[in-house]
Structure formats: structure tokens, C-alpha cells
Amino acid sequence: MAVSDTAKSHQIQLLPGDIVCTSNPMAIGRLITAVERFWSSDDEAKYSHSLIIITRTGLTLEALWTVKSQRLHDAYRGDKIAVYRYSGMSQRAFRAGLDAAAAHYGNWYPLHKLITNLIPPIGKYLATKNRLICSELVGKFLRYAGVPGFHNYLGLTPDVISDRCSQYEGWVTVFEGVLE
């Protein structure tokens, strides 16, 4: 289910467990999106980063240079984002997923994955479970929350996260547009 770009981002009602994908206009973001588009089965890729919402006020858990938390509106105001919600996310499922993902808090970003993920099978099979890129962190959260379609989270990209969240049963697109 898609929503209009005309929806107002300041009216978004965030919930713990919401998944956000963002587009990064910087060179690294454009490179990630270009590689994703090359390997994508639908020849599209809009997002170069993904994260987990952990509070109603928009606190995130995400892998940047380290796995850390920040406020969504402070960090991504003016950026194109999509907010996805899984309808079966219970408090218990959220806690199980968060516990698994939060175990990585403070870990450094695995820079070597920027190279290995140029060819997704290499990125998937040479992946390490202790140092995750942003989309793998989201995938691990969803796996341990029991969300179907995310059993194998290694090698996931923000484009795959976005595609699954917008196309798989049980997901709703809460907002897609520029965050005000």
C-alpha cells in the first residue's frame, strides 16, 4: 500500500519497529544506489540507507560509522525517506528483534563490505555476523522479531529492505516523501 508524497511528514505517527529507508545524495549514497540498481531484479533502487525506529519520538538504531542512535527528524530532515510498518509487530516481537540488533551497539561499520557488496553473492557469503551494515542490522532485527522474509539477513541491501517492506504481505507504507 503506497501513500502520497503530499502527506505531511510532521504528521507521521512513528511506532517502535517501524523501518525507515533514506536516500543519501552524497557520493557514497549515489554509489550504493547505483550498485543496488545494477543488481536489482526490478531495475530500480531509491534508497541507500535503512534503520529501525525504536521509540515513538523517532529515536533510531542504525549502522553509520558505528551502530548508534539518533533522532530521525534531526538527522534526516530534508531527505527523501520511506517509513514502513509491519502489521504483525507485537511488543514482544519488537523487544526480541531489538535485543538482537542492539547487541551490535557501538560496533564499527565494516568498511570492507562496501567492496564485497559490489557483487552481492560475495557480500552475502563473506559476511560476518558480528559487524553489520545498515540493512543487515535491519534484517537481523526483523528476523529475530519473527517477520517473514528476513530469515537470512546477511547481504541484504537498503533496496532489498525497501522492496520487501513495500511488496510483502503484512507491510504498510506509512510515509514516502521528503522529511520536513
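**Group meeting: salt bridges, sheet and cores**

Hi everyone, let me start with a pair of side chains: Asp-18 and Arg-85 meet in a salt bridge, 2.8 Å from N to O. The two belong to distant parts of the chain, with Asp-18 in the segment before β1 and Arg-85 in strand β5, 67 residues apart. By salt bridge I mean a side-chain nitrogen of Lys or Arg within 4 Å of a carboxyl oxygen of Asp or Glu.

A word on the source: this is a predicted model, where local features need pLDDT of at least 70 and side-chain atom pairs count only at pLDDT 80 or more, while totals for chains, interfaces and linings use all residues. Residues are numbered from 1 along each chain as its sequence is written, and side-chain values use heavy atoms, with hydrogens and water left out.

Back to our pair: is Asp-18 buried or exposed? Asp-18 counts as buried, at 1% relative accessibility, whereas Arg-85 is partly exposed at 22%. Here buried means under 20% relative accessible area, exposed means over 50%, and partly exposed is in between, with a 1.4 Å probe and protein chains only.

The count comes to four salt bridges by that rule. Another of them joins Glu-176 and Lys-80, 3.8 Å from N to O. Again the partners are distant in the chain: Glu-176 sits in strand β6 and Lys-80 in strand β5, 96 residues apart. Glu-176 is buried at 12%, and Lys-80 is partly exposed at 27%. These two also belong to a network of salt bridges with Lys-46. Then there is Arg-95 with Asp-99, at 3.5 Å; both lie in helix α3, four residues apart, about one turn of the helix.

Now the overall fold. The chain has seven helices and six strands; these are DSSP runs numbered from the N terminus, helices being H or I of at least four residues and strands E of at least two. The six strands form an open sheet with antiparallel pairing, in the order β4-β3-β2-β1-β5-β6. Two strands count as paired if DSSP finds at least two bridges between them. Which strands are at the edges? They are β4, residues 67-68, and β6, residues 171-178, each pairing on one side only. Helix α7, residues 158-167, packs on this sheet and touches β1, β2, β5 and β6, where touching means heavy atoms within 4.5 Å.

Let's zoom in on β3. Its Thr-60 is the bridge partner of Ile-53, and its Glu-62 stands opposite Lys-68 in β4. Thr-60 and Glu-62 point one way from β3, Leu-61 and Ala-63 the other way, and all are buried. The hairpin of β2 and β3 has six residues between the strands, and there Gly-58 takes a positive phi near 90°. The hairpin of β3 and β4 has three residues between them.

Finally, the interior. A nonpolar core is a set of buried Ala, Val, Leu, Ile, Met, Phe, Trp, Tyr and Cys residues joined through side-chain atoms within 4.5 Å. How many residues are in the largest one? It has 33, and Ile-19, Ile-52, Met-89, Phe-141, Leu-142 and Trp-171 have the most contacts inside it. Helix α6 gives the largest share of this core, five residues.

Thanks, everyone!

Terms used. Axes fitted to C-alpha atoms, helices over the stretch in contact; angles between N-to-C directions.
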